[in-house]
Amino acid sequence: MYLSLSSLLSVLSLLVLILLPAIYLKYISSTKTQKKLPPSPWKLPIIGNFHQLGANFHRSLGDLAKKHGPLMLLHLGSAPVLIVSSRDVAREIMKTHEFAFLDRGELGILKKLTYNGKDIVLSDYGENWRQLKSLVVVHLLSNKRVESFQQVREEEIALMMDKIGETCGSVIDFTELFLSLVNSVLCRVTFGRKYSDKNFIGMVEEFKKLVVILSVGQYIPCLSWVDWLRGLNVKTEKVAKKFDEFLEGVIEERLDSNLRESNDVKSMTVEHGKYFIDILLEKQKEGVNNFHIDRDTIKAVILDMFAGAVDTTFTTLEWALSELVRNPRVMKKLQKEISLIAKGKPKVTVDDIGKLEYLRLVFKETLRLHAPAPLVIRASSQDVKLLGYDIKAKTRVFINVWAIGQDPAIWEEPEEFRPERFLDTPFDYKGNHYEFIPFGGGRRGCPGIHFANTLMELVLANVVYKFDVAVPNGERGENLDMSENSALTVHRKNHLLLVATPRSES
Ligand code: HEM
């Protein structure tokens with residue numbers, strides 16, 4: 001049976017009439033649900049925007065933000081990543097919508113290094129994180145606790161100063177020196193003794209390398225097998241196991257009452273208060289607000305202390321000294337300030353430090369130009385409307401602290417190292433001034449600011465009080481190489497090699 005043309009048209013019209021409301025409703029709901037996304041650079045299939053990133057992520061992202069704006073959406077593989085590059089957008093993330101951006105995001109295979117998310121630094125917001133963060137802030141890194149470690153700091157700095165004194169006139173590797181000092185201080189305040197042997201430093205290095213290696217599978221799930229081919233899974237398990245065995249040994253050692261009674265440990269415990277490990281073991285026994293701390297949690301928190309503290313602190317020291325060598329005017333001004341306060345004394349003491357205003361400015365300027373963690377990593381825990389844009393839950397966020405510190409709308413001649421620029425500003429680095437957030441901010445902000453400052457200020461003040469430092473072979477300080485490595489914590493690419501000579505003015 002054939003339909004005539006007119007019958008066919010009638011049937012079609014009827015169909016359209018029946019379907020019209022459904023089509024209309026679908027159209028309305030699709031326009032309603034159509035998301036307004038932040039600007040994005042063009043992207044390639046599978047790899048997304050990876051090809052637009054150079055070796056130094058923070059710099060490439062800073063360049064892209066100049067073209068696409070301070071709130072930009074990239075795709076690293078298939079993972080959406082929000083890039084924040086201005087003070088105002090950082091404030092939106094860290095203050096206005098703080099609760100939506102307290103997560104760190106999916107860890108992939110790195111979860112194995114954090115006892116399956118039992119740590120603080122990399123775990124998502126939740127009860128576990130809240131209890132541990134408060135434990136760390138109140139019991140491990142409070143001002144009182146940090147001050148109780150003064151003797152440890154002084155002893156380790158004295159050892160470092162002796163080493164510099166013994167090597168005067170020849171080339172000294174300040175990178176090694178600062179790394180070893182910070183590592184020794186951390187070992188002593190955490191475990192009550194040093195583990196500065198190659199084995200331990202090597203282990204920490206391996207751990208750090210893994211944390212910064214990009215897991216392909218995390219961004220491009222269909223290429224997870226590449227991680228397997230690279231041996232990343234096996235390596236991660238090996239490093240996690242090594243660390244676990246080491247930390248188990250240390251904990252058992254501390255639990256051993258015989259060792260507790262050895263003179264060494266006893267006198268340290270009495271004189272300086274408690275070590276991190278003792279406090280954690282104590283809290284495990286007592287419990288904290290009905291929160292159970294198990295062995296894995298203790299080990300994860302200890303790893304946090306090393307992961308959070310060592311790299312960031314020693315690298316800030318190497319950048320500060322590098323900038324002083326490159327800027328003789330600033331070096332002279334700082335040495336003059338220190339000599340005025342400490343003149344005649346054999347060393348700069350903790351009491352002197354409080355009077356060294358210019359020293360504080362030098363560190364602020366160092367952290368503005370060389371934030372050791374230039375990208376603060378967060379993730380959204382829910383769908384959120386941000387400055388009129390729709391941001392989906394589980395979107396990673398990189399806050400480009402370095403780019404914000406370079407914003408010419410805020411900083412005059414931002415590439416210049418000029419500590420005086422902080423003289424007339426209220427900016428501290430506690431996370432309240434979003435133009436200057438090297439320690440992050442808000443609830444997830446760094447709890448180690450006081451720990452880092454008390455150590456860094458005393459180290460640098462003593463070095464430049466007692467010694468003049470210069471680039472070897474009579475090279476001009478201004479020409480010192482300042483290349484950066486390419487990692488999440490940005491160090492000098494090449495070790496800081498300098499020659500020290502005793503100062504007559506100290
Ligand atoms: C110059 C030295 C340091 C710098 C520049 C630095 C920087 C940072 C930054 C940017 C964050 C992320 C903050 C955020 O998401 O808003 C952070 C977190 C953290 N830092 Fe530091 N840090 C330093 C020293 C330390 C020290 C000495 C310790 C411990 C002894 C430490 C322990 C931690 C911990 C545990 C976290 C995780 C906090 C959380 O996720 O809630 N940091 N740090």
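Cysteine 446 is partly exposed, with a relative accessible area of 34%; on this scale buried is under 20%, exposed is over 50%, and partly exposed lies in between, using a 1.4 Å probe and protein chains only. Its SG atom sits at 2.3 Å from the iron atom of the ligand, and Cys446 is the only protein donor there. Donors here are N, O and S atoms within 2.8 Å of the metal, or 3.2 Å for Na, K and Ca; water is not among the atoms, so sites may look incomplete. An unreviewed UniProt entry annotates Cys446 as "binding site", and such annotations may be inferred rather than shown by experiment. In the chain, Cys446 falls in the loop between α19 (401–404) and α20 (449–466). Helices are DSSP runs of H or I with at least four residues, numbered from the N terminus.

A word on the model. It is predicted: local features need pLDDT of at least 70, side-chain atom pairs need 80 or more, and totals for chains, interfaces and linings use all residues. Residues are numbered from 1 along each chain, and side-chain values use heavy atoms, without hydrogens and water.

pLDDT, the predictor's confidence in each residue from 0 to 100, averages 87 over the protein chain. Helix α20 has the highest mean, 98, and α13 (residues 263–272) the lowest, 46. Where pLDDT is low, the predicted coordinates should not be read in detail.

Next, α6. Residues 150–166 form this helix, 17 residues long. Its buried residues are Gln150, Val152, Arg153, Glu156, Ile157, Met160, Met161 and Ile164. They lie on the same side of α6, because their arc around the axis is only 160°, taken from the directions from the helix axis to the C-beta atoms.

How values were computed: Helix = DSSP H or I, 4+ residues; strand = E, 2+ residues; numbered from the N terminus. Expected span 1.5 Å × (residues − 1).
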